[in-house]
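Morning, everyone. Please look at the model on the screen while I talk.

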Amino acid sequence: MENLPIIQTQIKSATDQLEIVCNQYEQASSKANGRRGKLGTRCHQPGHYRAGCSNLSCMDMSNCGASEKHPESKNEIMELQKLIKDLQKKEAKASEELQSFKLAKERSVNSFFAVMRPRLRRQNEGCYVDKFTLDKDLILLKKIFNNKIPGDTWRDWEMLLLIECYR
Ligand SMILES: [Zn+2]
Ligand SMILES: [Zn+2]
């Protein structure tokens, strides 16, 4: 079973990362606002073509703001979005598993009572005519056996002794 808190931590950190990257992207893009004309293919500076350009080549969108020249910036955002989506799917699956695990546990508690009630009653029919006493001892028995139904019925006579000791 996947660990739900770990997945949730991963979602949180990926979401934080996405916010940072998106902010950077927007800030960079705003540099391109109102700019017209072609950019140098290498330096991404406006006003000239590559021929004769002696500027350094632009390696980062935060320099030029030209998102069309830097597909990697958009890719980073899309990859993070995909990662978050996948993690959210994992989270849903893990929480579903946790839910059914809890249900199964609950069911096994119910089945302990269902199986052990008649077995315990048989050990002392007279005393266990009183349903309240029977239920009280069943709860004790469940603790004693740690919610595990004992397989051997031939040792059921010991149950009364055990209950006596734990009372
Ligand atoms: Zn240039
Ligand atoms: Zn650039």
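Predicted model: local features only at pLDDT ≥ 70, side-chain atom pairs only at ≥ 80, totals over all residues.

Residues are numbered from 1 along each chain as its sequence is written, and chains are lettered from A and ligands numbered from 1 in the order in which they are written.

Confidence. pLDDT is the predictor's confidence in each residue, from 0 to 100. The chain's mean is 91, and 98% of its residues reach 70 or more.

Now the shape. The protein chain has five helices and zero strands. Those are DSSP runs, numbered from the N terminus: helices are H or I, at least four residues, and strands are E, at least two. The radius of gyration, taken over C-alpha atoms, is 34 Å, well over the 15 Å that the globule rule gives for 167 residues, so the chain is more spread out than a compact globule. That rule is 2.2 Å times the number of residues to the power 0.38. The C-alpha atoms fill a box of roughly 105 × 25 × 20 Å, along the principal axes.

Last, a contact. Which residues of helix 3 meet helix 4? They are Phe112, Phe113, Met116, Arg117, Leu120 and Arg121. Their partners in helix 4 are Leu134, Asp137, Leu138, Leu141 and Lys142. Contact means C-beta atoms, placed from the backbone, within 7 Å.

Key:
Contact = placed C-beta atoms within 7 Å.
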